[in-house]
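Please keep the sequence and the 3D view open while reading.

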Amino acid sequence: MPKISKIWAHEVLDSRATPTVEAVCVLDTGQFAISSVPSGASTGAHEALELRDEDPARYKGKGVLRAVNNVNNTIAPAIVGMDPTQQSAVDDKLIALDGTENKTKLGANAILSVSEAVAKAGALAMKQNLYSWIQALAKVLGLVTAYHVPTPLFNMINGGLHGAGNLDFQEFWVVPASSKSYVQSLQAGVEIYMTLGENLKRRGAIHSIGDEGGYAPNLFTNADALELFVESIKQTPYALGRDVFLGLDVAADSFYKNNEYAIRDKSAPMDELAFIEYYKELNNSYHLALLEDPLAQDAWEGWKKIRAALGDQVIIVGDDLLATNPKRVEKAITEMACNAVLIKPNQIGTVTETLKVIKMGHDAKWKIIVSHRSGETNDTFIADFAVGIGADYVKFGAPARGERVAKYNRLSDIDAQLTASQK
Ligand code: PGA
Ligand code: ZN
């Protein structure tokens, strides 16, 4: 039985130059695994706590030395000696050490860095690919899936909190048809991304790059961005509605104030009913395949209405609504508030809890979307994780910026391995 002989963490940077936690798990065999955790900008109110130092003398308060010390001084002594292949026992220990509902004592960033490093070390000890090991861990929890290289939701235009104050909606996606292979999807996504960039340049809309590698152009309205997609796709060999589709992460909380939604497409803020009508019009014009966080994160009644109105045509995705939290997912299943779950391991804090939430979504026949965060490192854990749990979709941003490309390239590696093994 392999044993964990050492765990330690230190501070590294994410793609926004913000400190984050990286943990190392060393085994008595000499093998070791490293994992670093991402960080959101449009963080939901119901997520587990990301522990920051709040010390203005370092990194404008964003240091993570308290989380690092929690790994080195509290977590490591309790985990050393455990078997890295016993993921749920390790995660139970982490949860017990913290002892709070939202991981406020040790920090979800501290806890997840260790949970993921142990998962990687477990795969090494089992001499398995990480995606195979994730599949095995899921199976133990009753989540039986086939490997699936998911369809990417390519985030090509960045607005909201990821843009430059340019647009209200946070993410504008091009989504390849799920019938396409990963190789075909990637090529289509990249070619459309290139064409879109050329068009933005020609129009003189500044095309700086947002946090997730999408363009952050100056446009009049959110619908203009969708119109640009339509125009750009026409200039490629791909047909909208057949080869590729459109989708949005609205991240509606970022412009929700006093029970109203204010967007630049309308002269006056809209109440919930008017906003749902607006989505219906948008869907009539653009046939949205997926719509994430269309309403505020606690607007449960509105979510029920929008799912009832659009849920048979559009995949309604809960991100801030659900926060990868089993209690919120259970409520959303019972109340029929959406029909897909966005999975972000750092919203809940351990690999095992994340797998349990996926099982709930899977059992409810929801679509499963595994997601990065807007602040990322080059860690590719999430790519293996998505394949191992058989996710329908992944959200890794645009096919640009190293920390996003690392994940797409890892999916290419896995896809090639799986294709070769089927020959
Ligand atoms: P975040 O954004 O990582 O900044 O929270 C991603 C999302 O909202 O899906
Ligand atoms: Zn989101």
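Two strands pair if DSSP finds at least two bridges between them. Helices (H or I, at least four residues) and strands (E, at least two) are DSSP runs, numbered from the N terminus. On these terms, an open sheet of nine strands has the order 4-14-13-12-11-10-7-6-5, with mixed pairing. This is a predicted model, in which local features need pLDDT of at least 70 and side-chain atom pairs count only at pLDDT 80 or more, while totals for chains, interfaces and linings use all residues. Residues are numbered from 1 along each chain as its sequence is written, chains are lettered from A and ligands numbered from 1 in the order in which they are written, and side-chain values use heavy atoms, with hydrogens and water left out.

- Strand 6 (residues 171-176) and strand 7 run antiparallel and are joined by six bridges.
- Along this pair, P176 stands opposite V244 in strand 7, and F172 stands opposite L248.
- Strand 7 also pairs with strand 10, here in the parallel sense over four bridges; L248 has L291 of strand 10 as its bridge partner.
- Five of the six residues of strand 7 are buried (under 20% relative accessible area, against over 50% for exposed and partly exposed in between; 1.4 Å probe, protein chains only). Strand 7 is therefore largely enclosed by the rest of the structure.

**Strands 10, 11 and 12**

- Strand 10 (residues 288-292) pairs with strand 11 in the parallel sense over three bridges, and L290 has I315 of strand 11 as its bridge partner.
- Strand 11 pairs in the parallel sense with strand 12 (residues 340-343) over two bridges, where G318 has V341 of strand 12 as its bridge partner.
- I315 and V317 point one way from strand 11, I316 and G318 point the other way, and all are buried.
- Strand 10, helix 8 (residues 300-310) and strand 11 make a right-handed β-α-β unit. Right-handed here means that, with the strands pointing away from the viewer, the path from the first strand over the helix to the second runs clockwise.
- Strand 11, helix 9 and strand 12 also make a right-handed β-α-β unit.
- A332 lies in helix 9 and is buried, with a relative accessible area of 0%.
- A332 and F172 are 160 residues apart in sequence and 24 Å apart in space, C-alpha to C-alpha.

**Zinc site**

- D249 (OD), E292 (OE) and D319 (OD) coordinate the zinc ion (ligand 2) at 2.0 to 2.2 Å. Donors are N, O and S atoms within 2.8 Å of the metal (3.2 Å for Na, K and Ca); water is not among the atoms, so sites may look incomplete.
- Along the chain, the donors of the zinc ion follow the spacing D-x42-E-x26-D.
- D249 lies in strand 7 (residues 244-249) and D319 in the loop between strand 11 (315-318) and helix 9 (326-335), so this pair ties together parts that are 70 residues apart in sequence.
- D249 is buried at a relative accessible area of 1%, and D319 is buried at 2%.

**Ligand 1**

- Of the 15 residues around ligand 1 (those with a heavy atom within 4 Å of it), A41, H162, R373, S374 and K395 come nearest.
- Polar contacts are pairs of N or O atoms within 3.5 Å; within protein, one must be able to donate a hydrogen and the other to accept it, and residues adjacent in sequence count only if both atoms are side-chain atoms.
- An oxygen atom of ligand 1 lies 2.7 Å from an N or O atom in the side chain of R373.
- D319, a zinc donor, also has a side-chain N or O atom 3.0 Å from an oxygen atom of ligand 1.
- A polar backbone atom of S42 is 3.0 Å from an oxygen atom of ligand 1.
- Taken alone, ligand 1 exposes 280 Å², and the protein buries 100% of that (Shrake-Rupley method with a 1.4 Å probe; for residues, only the protein chains shown count as cover).

**Strand 3**

- A33 lies in strand 3 (residues 32-36) and is buried, with a relative accessible area of 5%.
- The C-alpha atoms of A33 and V118 are separated by 7.4 Å, although the two residues are 85 residues apart along the chain.
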